[in-house]
Amino acid sequence: MSGGCDLVTFGEPLVRLSPPHFNRLEVAPTLDVRVGGSELNTAIAASQLGLATRYVTRLTRNPLGRMVCGAARASGVDTSHVVWTDESRVGLYFTEFGASPRANSVVYDRRHSAIAEISAGEIDWAAALAGAKAFHTSGITPALSKGAADATLEGAKTAKRLGITVSVDLNYRARLWSEKDARQVMTQLTEQADLLLTTEEDTARVFGIREDSYEVVAQRLARQFDLRAVAITLRETPSVWRNGWTAIAYDASSDQLHRGPQFDIEIVDRIGAGDSFAGGFLYGYLTGGVTAGLQYGIGISALKQTMPGDIVYASREEVERLLQGGDLRIQR
């Protein structure tokens, strides 16, 4: 797709610090530094596949803020609508990698981040969304503060009014807000959405929807919120470093449920898998519909989990080779 902007994402970026070699944080002599954040990860994944993407956020004007923008621009993501401030800070989070039976763990240090202190009206949404085909955000950003929730809803409502496809990743984080608060805000946000990406666990926590099958959950969500499509990612975790990964998608326009391919993944780093799925799904959906969205979403998110960091680096050709059954021989 060429010309203009295909996808605009909005959310909080973070700098990630991780002790290497399975060290515990309290005794780690060094930390690996990377950039992440759900909606940034999604924008980069979509850009890797070929969408023209734009990332909107609020950042502190310092080296960490420039690090975030540098990571986005290095992957071809437009950052011209980032709102800069001399106050606040860039949020941090720490990831400690475990091995069975010790699970991975995360420590957040994001209070008073620049985007947590955003207010409605700070972003010129008409300009930021100009020419866009889709707008994407997640449940992480509105969990940060009332101002962040107001700004997120403002962006979604503007996109809806402009006839732009609105995509929401439910992305519930129990360490950021309660299920009650999440339900109140995310109900308003999902009412603006055309596409909903989620997990069965997040759906149960936020909307209280529990059924005997993932398929029925997807259909209920589509009917309750008048959605065009619902995608649910599915993970099996026989061990920390060996996972099964797939997804389903319900297409409301045809009343059909689609099942994607399943991958047995040797995990390197699973953080950002759902974000990469969102980027792949949006690429496929905008270029070929729900089935294509499911295929590209699963493919690029499977590859993401084989590389360190939140961000995926994989070409469309690599994803397509995987989906076509590419073997494990060295690519020479």
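In the predicted model, Met 67 has a relative accessibility of 33% and therefore counts as partly exposed, since the partly exposed class lies between the limits of under 20% for buried and over 50% for exposed. Met 67 is located in helix H2, which covers residues 63–74. Together with Val 33 and Leu 64, Met 67 forms a nonpolar patch on the surface. The accessible area of Val 33, Leu 64 and Met 67 together is about 210 Å².

Phe 207 belongs to helix H6 (residues 200–207) and Phe 225 to helix H7 (residues 214–225), so the contact ties together parts that are 18 residues apart in sequence. Both Phe 207 and Phe 225 are buried.

A further pair consists of Phe 281 and Tyr 285, whose ring centres are 6.2 Å apart. The planes of Phe 281 and Tyr 285 are at 15 degrees, so this pair is stacked. Both residues lie in helix H8 (residues 273–288), and because they are 4 residues apart there, about one helical turn separates them. Phe 281 is buried, as is Tyr 285.

Helix H8 itself contains 16 residues. The distance from its first C-alpha to its last is 22 Å, close to the 22 Å expected at 1.5 Å a residue. Of the 16 residues of H8, 12 are buried, so the helix is largely enclosed by the rest of the structure. Among the buried residues of H8 are Ala 273, Asp 275, Ser 276, Phe 277 and Ala 278. Gly 279, Gly 280, Leu 282, Tyr 283 and Gly 284 are also buried in this helix. Just after H8, Gly 289 adopts a positive phi of about 95 degrees.

Phe 10, Trp 125 and Phe 135 are linked into a cluster by ring pairs.

Technical notes. Residues are numbered from 1 along each chain as its sequence is written. This is a predicted model: local features need pLDDT of at least 70, side-chain atom pairs count only at pLDDT 80 or more; totals for chains, interfaces and linings use all residues. Side-chain values use heavy atoms; hydrogens and water are left out. Patches are made of residues with over 30% relative accessible area and no salt bridge: like charges are joined within 9 Å, nonpolar side chains (Val, Leu, Ile, Met, Phe, Trp, Tyr) within 5 Å. Accessible areas come from the Shrake-Rupley method with a 1.4 Å probe; for residues, only the protein chains shown count as cover. A salt bridge is a side-chain nitrogen of Lys or Arg within 4 Å of a carboxyl oxygen of Asp or Glu. Helices (H or I, at least four residues) and strands (E, at least two) are DSSP runs, numbered from the N terminus. Buried means under 20% relative accessible area, exposed over 50%, partly exposed in between (1.4 Å probe, protein chains only). Rings of Phe, Tyr and Trp (its six-membered ring) pair if their centres lie within 6.5 Å; planes under 30 degrees apart count as stacked, over 60 as edge-to-face and the rest as tilted. The expected span of a helix is 1.5 Å times one less than its number of residues.
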